[in-house]
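Please keep the sequence and the model in view while reading.

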Amino acid sequence: MRYIIIGAGAVGATIGGRLAEAGSEVVLVARGAHAEALRTDGLRLTTADGTRVHRLPVADGPAGLGALRPDDVLLLAVKTQDAITALDAWGDAEVAGGGTAAQRLPVLCAQNGVESERLALRRFARVYGVCVWLPSTFLEPGVVSALCAPRTGILHLGRAAGGADATARTIAADLAKAGFDAPVVEDVMRWKYAKLLGNLGNAIQATTGPEPDPAKAALLLRAVREAKAALLAGGIPYASDAEQSVARDGKVDQPAGVRGGSSWQSLARGTGSVEADYLNGEVCLLGRLHGVPTPVNDVLRHAANIFAREGLPPGAMAIADLTALADEAAARA
């Protein structure tokens, strides 16, 4: 199999680099200064094992690769707000022997939230969900770090529509060889909904900073309570805290220190967008569909988007001010 990493940022570059270390064939897809750095200087990837430079093929889209191969695996690691553009571009790419990527190739959605699988299933015949537990950092072009040990990360995977198959098991074996735990599960979306609950704090980190604070924890708890109520009303199952602890404990220990999550990093890089519409906004959507108020999540979604659109520095808002906005919204709900 050849792995085409569409979105070689923090998560994508870590998976791609580790797969390459383990002997898999990998292509990194990136744009702008990051793509130029990858081409010129290689991917500088730091893990718990040390720092290595990977000189891998780099493309900015399917045109640069010619006809795709029947054994290609597309691993989608762009942020969800960029998923449609990527899916459309790669789905129409021709595969050697006939047909398009959307008709013939597997696409793995290695992203936060639960929307990309639905977007992909509208376009691709073979869609797999990946629940990503992979703390990693990408703040400058060509440089990525992922410091968990003894495993670099945990990647539950399975068919997005439910079930598992030989393709998932083959990919999981490659990922395991590359330093990841990669359980193949029949219900991958149940794991992704559980991960969504933890990602509701991304907006809090982005706007008020990643440093621990009891007030931040309290606001996150309110957002999670709203989300659990909306999931319950919608009849949507999610993996329990106990299940997640069993899956992770002792496998992905992180070194001490404060790190910003994916939304904080997006603001730090000045990307102009964050995932909030597909994290906190997913909760708002479910709440509106099932009659559950979600004022805290709506405030977090709105605040993070303002930071992204206006180019505000991450962490510039006081947690007291963000909490006050949530209190006002909750009083109106």
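## Terms and basis

A residue counts as buried when its relative accessible area is under 20%, as exposed when that area is over 50%, and as partly exposed in between (1.4 Å probe, protein chains only). Helices (H or I, at least four residues) and strands (E, at least two) are DSSP runs, numbered from the N terminus.

The model is predicted, so that local features need pLDDT of at least 70 and side-chain atom pairs count only at pLDDT 80 or more, while totals for chains, interfaces and linings use all residues. Residues are numbered from 1 along each chain as its sequence is written, and side-chain values use heavy atoms, with hydrogens and water left out.

## The sheet

Eight strands form an open sheet with mixed pairing, in the order β5-β2-β1-β6-β7-β8-β12-β13. Two strands are taken to pair if DSSP finds at least two bridges between them. Strands β5 (58-59) and β13 (180-181) lie at the edges, each pairing on one side only.

Strand β7 (residues 106-109) is covered on both faces: Pro106 and Leu108 are buried on one side, and Val107 and Cys109 are buried on the other. On the β6 side, β7 pairs in the parallel sense over three bridges, with Cys109 as the bridge partner of Leu76. The pairing of β7 with β8 is also parallel and has four bridges; here Cys109 stands opposite Gly129.

## Strands β1 and β2 and helix α1

Strand β1 (residues 2-6) runs parallel to strand β2 (residues 25-29), and five bridges join them. Within this pairing, Ile5 of β1 has Leu28 of β2 as its bridge partner. Helix α1 packs on the sheet and touches β1, β2, β6 (72-76), β8 (126-133), β12 (153-159) and β13. Contact here means heavy atoms within 4.5 Å. The direction of α1 makes about 160° with that of β2; axes are lines fitted to C-alpha atoms, for helices over the stretch in contact, and angles run from 0 to 180 degrees between N-to-C directions.

## Salt bridges

Side chains of opposite charge can pair when their charged atoms come close. A salt bridge is defined as a side-chain nitrogen of Lys or Arg within 4 Å of a carboxyl oxygen of Asp or Glu, and by this rule the count comes to 20. One of them joins Arg18 and Glu21 at 2.8 Å, N to O. These two residues are three apart in helix α1 (residues 10-21) and are therefore separated by about one helical turn. Arg18 is buried, at 8% relative accessibility, whereas Glu21 is partly exposed at 32%.

Another salt bridge, also at 2.8 Å from N to O, is formed by Arg222 and Asp327. This pair links distant parts of the chain, 105 residues apart: Arg222 belongs to helix α9 (residues 214-234) and Asp327 to helix α14 (residues 319-332). Arg222 is partly exposed, with a relative accessible area of 24%, and Asp327 is partly exposed at 39%.

## Helices α7 and α10

The axes of helix α7 (residues 188-199) and helix α10 (residues 241-248) come within 11 Å and cross at roughly 100°. The two helices are therefore roughly perpendicular to each other, a description that applies to angles of 65 to 115 degrees. Arg190, Trp191, Ala194 and Lys195 of α7 make the contact with Glu243, Gln244, Ala247 and Arg248 of α10.

How values were computed. Parallel < 35°, antiparallel > 145°, perpendicular 65-115°, else oblique.
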